[in-house]
Amino acid sequence: MHRRVILALICVFLQTVAAQRSPTISYISQEQIKDIGETVELVCSVQYAQDYPVLWIKTNKDAANEQVALSTGTALIIRDSRFALKHDTASSSYILQIKDIQETDAGDYQCRIQISVSNLVSAEVELSVRRQPIISDNSTQSLVVSEGQPVVLECYANGFPPPRISWRRENNAILPTGGSIYRGNTLKISAIRKEDRGTYYCIAENGVGRGARRNINVEVEFAPVITAPRPRLGQALQYDMDLECHVEAYPPPAIIWLKDNVQLSNNQHYSISHFATADEYTDTTIRIITIEKRQYGEYICRAANKLGTVETKVELFEISTPNINYPGLRWAGASQCYFIKWLYATLSFIVIAIMA
């Protein structure tokens, strides 16, 4: 009799202890990293939760208030055929399966035991989805700066794993920082030179896909620089001659030719032409037509933009023998030869006609 009372008391004690045990989560999957299109299973094992609903909830890492309930108990709430829920009664585990993983599936998944409205037990597992880099819009797109100014080129990219950023120049030219490759989000140039202008490549890589690349055009404004390929040229009277100068500048400069402080223009004595080979390069030529005595002397080639004005001189002097290295002279000589042949043929025809 005594023994029965003791056993009854023990049973009541055990039941009381069991009733006082709080529901707990004994296991939650570790962080999962998957590729797009793969399948993942998130496991949550609970104890002493048979009287309470167990939920899977997806939370937004950047906004904790944004939550989407995926399941409650053994029922799936979300209407997406990619999602499935399994309940293993032996281990009291709730297994959330996601097939054909998409980038939007990345986030924190919370397993929650809802004891009451204000009382809950939860644990989280993060699902990360590998995705190829995408260069952000807040990265530098193009730049126009004046020579000598400091410059900072920025490049940022999204993706998982976090992308690594590197910099290159067109044709693997040397970077202003030295070397052909620079790694980091920002490329700093303390004082940019006109030689630093051109296309810079921001490259984002993380081992997923082919990576991403942005072409950043850097234009450097600088005062004109003039060179004369032939600063002294000789030519005989009554022949043509071309005077040339090469101009490098940005923005493109205004170019004029002068003689005796008078600006020259196109007329029967002069023909001026400009050939822009690129935004920064211009070749300009003035042709002196059928040279007269007064046209010998110094000619000034002058170029100006908002950053400065420069000029160079080209001298034309008289020689007794025509300059046969001048292409125009060769053309003129050939024309004279054709004219003589034509004149000879015409005269021969006339003589034959008269004799007939």
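Here is a short tour, from the whole chain down to single residues.

Start with the whole protein chain, keeping in mind that this is a predicted model. In cartoon view, you can look for two helices and 26 strands. Of the 356 residues, 36% are buried.

Next, colour by pLDDT. The chain's mean is 88, and 84% of its residues reach 70 or more. Now select residues 5-19, where pLDDT stays under 50 and the model shows zero contacts beyond four places in sequence. Then pick residues 330-346: pLDDT is below 50 here too, and this stretch has two contacts beyond near neighbours in sequence.

Time to zoom in on some backbone. Go to the loop between strand 13 (157-160) and strand 14 (164-169), where you'll find Pro-161. Now hop to Pro-251, in the loop between strand 20 (241-250) and strand 21 (254-259). The bond from Tyr-250 to Pro-251 is cis as well, with omega near 5°.

Move on to Asn-261, in the loop between strand 21 and strand 22 (262-263). Asn-261 isn't a glycine, yet its phi is positive, about 65°. Is Asn-261 buried or exposed? Exposed, because its relative accessibility is 71%.

Last stop: Thr-290, in the loop between strand 24 (281-288) and strand 25 (297-305). Thr-290 has a positive phi, near 45°, and at 33% relative accessibility it counts as partly exposed.

Definitions and conventions. Residues numbered from 1 in each chain as written. Predicted model: local features only at pLDDT ≥ 70, side-chain atom pairs only at ≥ 80, totals over all residues. Heavy atoms only, no water. Helix = DSSP H or I, 4+ residues; strand = E, 2+ residues; numbered from the N terminus. Buried < 20%, exposed > 50% of the residue type's maximum accessible area, 1.4 Å probe, protein only. pLDDT = per-residue confidence, 0-100. Contact = heavy atoms within 4.5 Å.
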